[in-house]
Amino acid sequence: MTPELPDQAHSGTLGWSCPSNIALIKYWGKKPGQIPMNPSLSMTLQEARTRMRIQYAYGPGQGSRRLRFRFEGKEAPAFEQRISNYLAGLVSELPVLSHTYLEIDSENSFPHSSGIASSASAFGALALCLVQLEEEIRGPLEQGQFLQKASHLARLGSGSASRSMYPGFALWGKHEAWEDSSNEFAIPYQNYHRSFLDIRDAILVVESGAKPVSSSAGHSLMETNPFARERFAQARENLERLHATTGEGDWQGFIELMEEEALSLHAMMMTGRPGYLLMQPATLSILQGIRAFRQETRCRVGFTLDAGANVHLMYAGEDAPLVEAFISSDLLRHCENGRFIRDRMGEGPQKLEP
Ligand code: DP6
């Protein structure tokens, strides 16, 4: 055993529910070690979550087979392999792992094949469970360290997962204007006017299948994108501009920036070498429809996109009746089987009772 590890056997169960998040300032491009090329800012969701429970057995002799993973009640070898590789890379950060056998059960609150990225909520939940596991075996971390450590570990699994640890908004990546910001972990971002407390997100499902180009391939293509430098500078500047809008309750400025970021992300995909398109004709119809509706009604509504064809329609809770009527009357016909998922600004992770 490593000398600083307790030599008493220990077993137990623990669990966390962790939400997904949607980026407003996009992370796109990274260095080795999951270090982002620019800071990003996201809104934590409430409904789209991974619930994970872990049964663990710690002690000398444990750990030769480190893991058994089940997703929604079934063995899931591909996920198990990914998690196994992830855990193998974490042993220097979490030495208890080399002496712990884990049985992990995971489920998502959102439907299968909805096109919602699950890596943020899944790695978020796993990281929270691992930090708790370490606390149970080695004793509590210092005050305030729990979520920061979970964010750090989540980042090593999937960059965007680092931002799922806090209610409201989260900021990941170093920016001089935020002293506490870091490339290693996300921090809570609290500078927002109360009119932003009730942001809704309707996820319009245009395409639910696997994307033709994965996010990891997309991040790598930024290494040769001729506009990469400008993009990284734009994201830094947009973060500061967005900060001014959220602080003042300037919804119009907020929406303009959010849409600029979404289009810029997709512009990077189109101008990569090779370039590719993830938007579908239905995506464009939705974006045009949203802009026309906003112009006509002055509702506080706009869009953002992640690395796919689906649209996140973001709107103020006060404008929900009009916006939701518009979704039903105009937007759902562009969605796959008329599907959309309701979500909103979320309260952050929750510990599950054993
Ligand atoms: C477009 O976090 O999925 O959603 O770090 O390789 O796991 P990895 O990438 P991932 O990238 C997310 C990209 C994005 C923008 C964002 O969430 O900021």
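Colleague: Is Phe71 buried or exposed?
Modeller: This is a predicted model: local features need pLDDT of at least 70, side-chain atom pairs count only at pLDDT 80 or more, and totals for chains, interfaces and linings use all residues. Residues are numbered from 1 along each chain as its sequence is written, and side-chain values use heavy atoms, with hydrogens and water left out. Buried means under 20% relative accessible area, exposed over 50%, and partly exposed in between (1.4 Å probe, protein chains only). Phe71 has a relative accessibility of 15%, so Phe71 counts as buried.

Colleague: Into which class does the accessibility of Phe79 fall?
Modeller: The relative accessible area of Phe79 is 42%. Because of that value, Phe79 is partly exposed.

Colleague: How many aromatic pairs does the structure hold?
Modeller: Rings of Phe, Tyr and Trp (its six-membered ring) pair if their centres lie within 6.5 Å; planes under 30 degrees apart are stacked, over 60 edge-to-face, the rest tilted. By that count, the number of aromatic pairs in the structure is 12.

Colleague: What is the geometry of the Phe71 and Phe79 pair?
Modeller: A pair of aromatic rings is described by the distance of the centres and the angle of the planes. For Phe71 and Phe79, the ring centres are 5.4 Å apart. Their planes stand at 65°, so the pair is edge-to-face.

Colleague: And what about the rings of Phe196 and Trp251?
Modeller: Both Phe196 and Trp251 are buried. Their ring centres are 4.7 Å apart. The planes meet at 10°, so this pair is stacked.

Colleague: How many residues apart in sequence are the parts that Phe196 and Trp251 tie together?
Modeller: Helices (H or I, at least four residues) and strands (E, at least two) are DSSP runs, numbered from the N terminus. Phe196 lies in the loop between β9 (186-189) and β10 (199-204). Trp251 is in helix α6 (residues 251-270), so the pair ties together parts whose separation in residues is 55.

Colleague: Which residues come nearest to the ligand?
Modeller: A residue is near a molecule if one of its heavy atoms lies within 4 Å of it. There are 14 residues around the ligand. Those that come nearest are Tyr27, Lys30, Ser158, Gly159 and Ser160.

Colleague: How far from a ligand oxygen is the N or O atom in the side chain of His219?
Modeller: A polar side-chain atom of Lys30 lies 2.7 Å from a ligand oxygen. For Ser160, the distance from a polar side-chain atom to an oxygen of the ligand is 2.7 Å. For the side chain of His219, it is 3.0 Å.

Colleague: What share of the ligand's exposed area does the protein bury?
Modeller: Areas come from the Shrake-Rupley method with a 1.4 Å probe. Taken alone, the ligand exposes 460 Å². The share buried by the protein is 89%.

Colleague: From which domains does the shell around the ligand draw at least three residues each?
Modeller: The domain bounds come from an automatic or database assignment. At least three shell residues come from each of domain 1 (10-190) and domain 2 (194-344).

Colleague: How far apart are the C-alpha atoms of Ala127 and Ala161?
Modeller: Ala127 lies in helix α2 (residues 119-138). With 0% relative accessibility, Ala127 counts as buried. Ala161 is 34 residues away along the chain, and the C-alpha separation is 9.1 Å.

How values were computed
A polar contact is a pair of N or O atoms within 3.5 Å; within protein, one must be able to donate a hydrogen and the other to accept it, and residues adjacent in sequence count only if both atoms are side-chain atoms.
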